[in-house]
Amino acid sequence: MQTESGESSPPKRYANPEDWPTFQDVIVRLYVEENKTLEEVRQYMEENHDFVATIAMYKRQLASWSAFKNLRFDEVLQILRLKRQREAEHGRGSVFFVRDRKVEIDSLQIYISRNPSLYAKLESGEEPHSDAIRDVSCRTPAPSESPLDLPEQHQDAKGKAPEVMLKSTMERHQDLMRFLRTYIAHSFETGIWIRSGRQCWSSTGQRGPAELLKSLLDRCMTAALSVGRQVEPVAIRHALDAPFSLLIRVFKNPPPEMVPRILCIASRLELIGRGEIQAIMLQFCSDLARALYGRDHPLSNFWQTLLDVPETERNKAIETVLTQCVVEFESHLGTSHSLSTEVYLLYFDAIERLKDPKVQAENLARRLSKLDEEAIDPPIMAMLKLEHALATCKSNLADGQLDKADDALSQLDVAILSPRDNSFRHVWLGYIKMMKGDFTGAEEAYKDSVQAAKLTGSRDCVCEALFQLETFYLYRQEPLQAEGIRAERFNTLRKLNAITWADHRDTSSSMTGKDSETGSKVTIIRIASGASSETWEPLASTIMIEHQDLHPQEESTGA
């Protein structure tokens, strides 16, 4: 740069490590106490102190001084721990400080609402980092001071101080955790759930209720996705009738994974913009639990408490519960158990899948490294490996490495995958081949997805595979082929009948054609590995059939 006299100005000399301590107090004051941005701090220091440094240099130095403007995860976890301890010991409020700066209630409440896993960590007893334990302090508020020093102007329109709101939010989360732990522990202790080797199931229905629940929730997703796919509303309502009416069969014989599976679907419904179906489903679960078990049962209290959480906070609460479900089942069954892994996959589907693919791949690799493959059912282990391969594939796609993305899925052992998972794999292979310009290969992959879906016995799965093939043809501007697939999809959707199941031990029910619990007439089916087999096979997860009647019938005295 040249001055007006034509002379070049001297080059800037950037601060070296020895320069920073001299200006530490003023930099921290500007950034933390005066709440200036780093760019404002940089300009001020350069103009007033001839102190030159880059933004990156400021970030590193501020971190080394622990001069953080915002709360950090472990600090808030330590605040919650101290708050719980002091209330239990003394029953009094507290004012909290982080590095001698008073914690404001609004900042704390915002942070908690954005990080629901805090409560799972708190309930599991996990300790914060030693730095957080050192930096967080508290004291009893002075007589003129309310807990956390809440000023009057922070009260809301109804006159309720944020401390009350925070306590309410915290209590809801804590109640959810308490009811969840009580329900899970009670189910194991009383023998409602039975553990046997790799398996854990409902004592009154073995794996039947779990497989029925998968079918019901698949149907909810099919109906929800169909809302925006040019499907008649009447067909959608018809598709929802069956799963909601048959949830009573599941709640009477609750499988261990019932809560996390329902919450996983609830999270997905919100993600695709079908919050109204999510709300109906959660309300139905609450009403059903109270009708079957009474209002004081922990399962009834759990669902009602979740409904009491404001809609704007409910998905955060669901994330918290799913995180805690993983902790609870691992504590009862261990990490290397099929059910613990299945619950982790539900947690992953609802929460981890939204993260960066590289982070997903790292977390899944870490999970796989902890497991004893011999102790877990091969189909569940295969599902976990598929998720890892898919995360690796997505990461490679983001880096533009299409061949590596293809290899990540192509090199999976297809023999260990279920037809459902293989259908999902083919959809992604079709997308990759389309990105590579191999449209013939992409079409074959999408068609293979449909064929694999048909092997599942689930029309819900077939509907999804057909939609992906239809979308491919539309992208290729082949309207005639797309219209043919759309017609097949609509026809499949209209044929979605009721879902039911019968355990092979229900011999009396098999002979009479009556539901032994309700007296309802049902069509008896065998979930089996072959048409003539009498062995119940849990892998054949979904069978769609028509039912005669699901409501108890009064028998006449003359019958």
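Mentor: To start, this is a predicted model, and buried residues make up 47% of the 559 residues in the protein. The secondary structure comes to 23 helices and 5 strands. As for contacts with a separation of 6 or more, 68% of them join residues 24 or more positions apart.

Trainee: Okay, let's take Val 76. Why is Val 76 called buried?

Mentor: Buried means under 20% relative accessible area. Val 76 has a value of 0%, so it counts as buried. This residue is found in helix α4, residues 73–90.

Trainee: Which residues does Val 76 touch, leaving out those up to four places away in sequence?

Mentor: Those are Leu 71, Leu 108, Tyr 111, Ile 112 and Leu 118. Take Leu 108: it is 32 residues from Val 76 in sequence, yet their C-alpha atoms are 7.5 Å apart in space.

Trainee: Now Thr 456. What makes Thr 456 count as buried?

Mentor: Again the cut-off is under 20%. Thr 456 comes in at 13% relative accessibility, so it is buried. Its place is in the loop between α20 (439–454) and α21 (459–475).

Trainee: What does the side chain of Thr 456 reach?

Mentor: Two backbone atoms turn up here. The side chain of Thr 456 reaches the backbone oxygen of Ala 453 at 2.5 Å, and the backbone nitrogen of Ser 458 at 3.0 Å. A polar contact needs an N or O pair within 3.5 Å, so the 2.5 Å to Ala 453 and the 3.0 Å to Ser 458 both pass on distance.

Trainee: And Asp 50, buried or exposed?

Mentor: Exposed means over 50%. Asp 50 has 67% relative accessibility, so it goes down as exposed. Asp 50 lies in the loop between α2 (38–49) and α3 (55–64), and its phi is near 50°, a positive value in a residue other than glycine.

Trainee: On to helix pairs. Why are α16 and α17 called roughly antiparallel?

Mentor: Helix α16 (residues 357–370) and helix α17 (residues 378–398) pack at an angle of about 150°, with their axes 8 Å apart. Angles over 145 degrees count as roughly antiparallel, so this pair gets that label. Their crossing is left-handed.

Trainee: Which residues meet there?

Mentor: From α16 they include Ala 361, Leu 364 and Leu 368, and from α17 they include Leu 384, His 388 and Ala 391. The residues of this contact of α16 with α17 divide into 8 nonpolar, 4 polar and 5 charged.

Trainee: What makes α9 and α11 roughly parallel?

Mentor: Helix α9 (residues 208–226) and helix α11 (residues 258–271) pack at about 5°, with axes 11 Å apart. Anything under 35 degrees counts as roughly parallel, so α9 and α11 are roughly parallel.

Trainee: And what does their contact consist of?

Mentor: Among the residues that meet are Leu 213, Leu 217 and Met 221 in α9, with Ile 262, Ile 265 and Leu 269 in α11. The contact of α9 with α11 divides into 9 nonpolar, no polar and 3 charged residues.

Methods: Residues are numbered from 1 along each chain as its sequence is written. This is a predicted model: local features need pLDDT of at least 70, side-chain atom pairs count only at pLDDT 80 or more; totals for chains, interfaces and linings use all residues. Side-chain values use heavy atoms; hydrogens and water are left out. Axes are lines fitted to C-alpha atoms, for helices over the stretch in contact, and angles run from 0 to 180 degrees between N-to-C directions. Helices (H or I, at least four residues) and strands (E, at least two) are DSSP runs, numbered from the N terminus. Angles under 35 degrees count as roughly parallel, over 145 as roughly antiparallel, 65 to 115 as roughly perpendicular and the rest as oblique. A crossing is left-handed if the near helix is turned anticlockwise from the far one by less than a right angle, and right-handed if clockwise. Contact means heavy atoms within 4.5 Å. Ala, Val, Leu, Ile, Met, Phe, Trp, Tyr, Cys and Pro count as nonpolar, Asp, Glu, Lys and Arg as charged, and the others, Gly among them, as polar. Buried means under 20% relative accessible area, exposed over 50%, partly exposed in between (1.4 Å probe, protein chains only). A polar contact is a pair of N or O atoms within 3.5 Å; within protein, one must be able to donate a hydrogen and the other to accept it, and residues adjacent in sequence count only if both atoms are side-chain atoms.
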